[in-house]
Amino acid sequence: MRFLEIFKEEREGHLHLVPLFPVFSIVFLITHQTAASCAQCPLPRPHMATRLWVHTPNANLIYTNCESVYTEKSTLLSCVVPNVLTEKEGDMWIDFFEWTRLYLMYIMAYACSAHLTVLSVSLYLHRHQTHQSIGVMHPVLSHFFRFWLYLTTGMRTKEWVAVHRKHHATVDTSEDPHSPYTRGLWRVVFFGVWLYRKEAGNHETVERYGKHTPDDWIERHIYTPFNFTGVLILLAAYIMMFGFPGAMLWLCHIATIPLLGASVINGFGHAWGYRNFETPDQSRNIVPFGCLIGGEELHNNHHRYQCSA
């Protein structure tokens, strides 16, 4: 199937993406609902000998003990209680599958939210605001992306746009805010966020390159002066939903854009990989597909066709 191929199509330097967020969302919902349906048992635990979760489509949920057997219609899972297992062994199986369910839930929650953040940066900040390659974006969708980035990154739109426009205007020169050729590859990889924050604090850069970005009431009074309040709100939401593991999920989520954007793309995207086009800079395509970082992996393509790749 075409969807299962390399998720991209290069034609005259254009890049066609297949957003993966809907896929992650569907898988997460199936996983969560499946686990939730299996976690409910109509008989009290003391009356059961043991329990074992197994995946048997189109079967029944069977709860058994020494005196009775109870069945409930289910199309997803079977809960079987074999009398050959001891109570201790049954409890071990229960713990194993319960922890597996929790880890899957954590992984899918991170994958969905992090990929949405990647798409927000790639579609809204990069293509819509910086290069204006997405000519018209619906105001509701545009503000959703802006609000989501407020929660997950704390970045100000005008600053991000200004730094990236300056990168293209002065690419791989001494004026480039984060070129690995002038500042060192490993400095960009490990301190890319610091380089971004340093340039974002340059008032001249922001005013010169940050034109035509949102300047409405909510941007001036909330998103700009309280830009790091959003990430604290996200932390509280994660802890409310997942408890202490939510703090670890939040930390992984907050590190996603600095790791993938400031380090991988800005660093390796100008130092390692292959080139489809001979551009005056040192941009590279890191991998021959663009699905994990919203197409930013094809960095050389982007520097050749800034408004369409």
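I started at valine 121. Beyond its neighbours within four places in sequence, valine 121 is in contact (heavy atoms within 4.5 Å) with His126, Leu149, Met155, Trp160 and Ile257.

I noted the ground rules. This is a predicted model, where local features need pLDDT of at least 70 and side-chain atom pairs count only at pLDDT 80 or more. I number residues from 1 along each chain, and side-chain values use heavy atoms, without hydrogens and water.

Next I looked up the nonpolar cores. A core is a set of buried Ala, Val, Leu, Ile, Met, Phe, Trp, Tyr and Cys residues joined through side-chain atoms within 4.5 Å. Buried means under 20% relative accessible area, exposed over 50%, partly exposed in between (1.4 Å probe, protein chains only). The largest core has 17 residues, and Val121, Trp160 and Tyr196 are among those with the most contacts inside it. H2 gives the most to this core, with 4 residues. I also found a second, separate core of 10 residues, including Met105 and Trp250.

Then I checked leucine 260. I placed it in helix H10 (residues 244-268); helices are DSSP runs (H or I, at least four residues), numbered from the N terminus. Leucine 260 counts as partly exposed because its relative accessibility is 22%. Leaving aside neighbours within four places in sequence, leucine 260 touches Val118, Ile265 and Ile293.

Last, I turned to serine 283. I found serine 283 in the loop between H10 and helix H11 (299-304). Serine 283 has 0% relative accessibility, so it counts as buried.

How values were computed. Helices (H or I, at least four residues) and strands (E, at least two) are DSSP runs, numbered from the N terminus.
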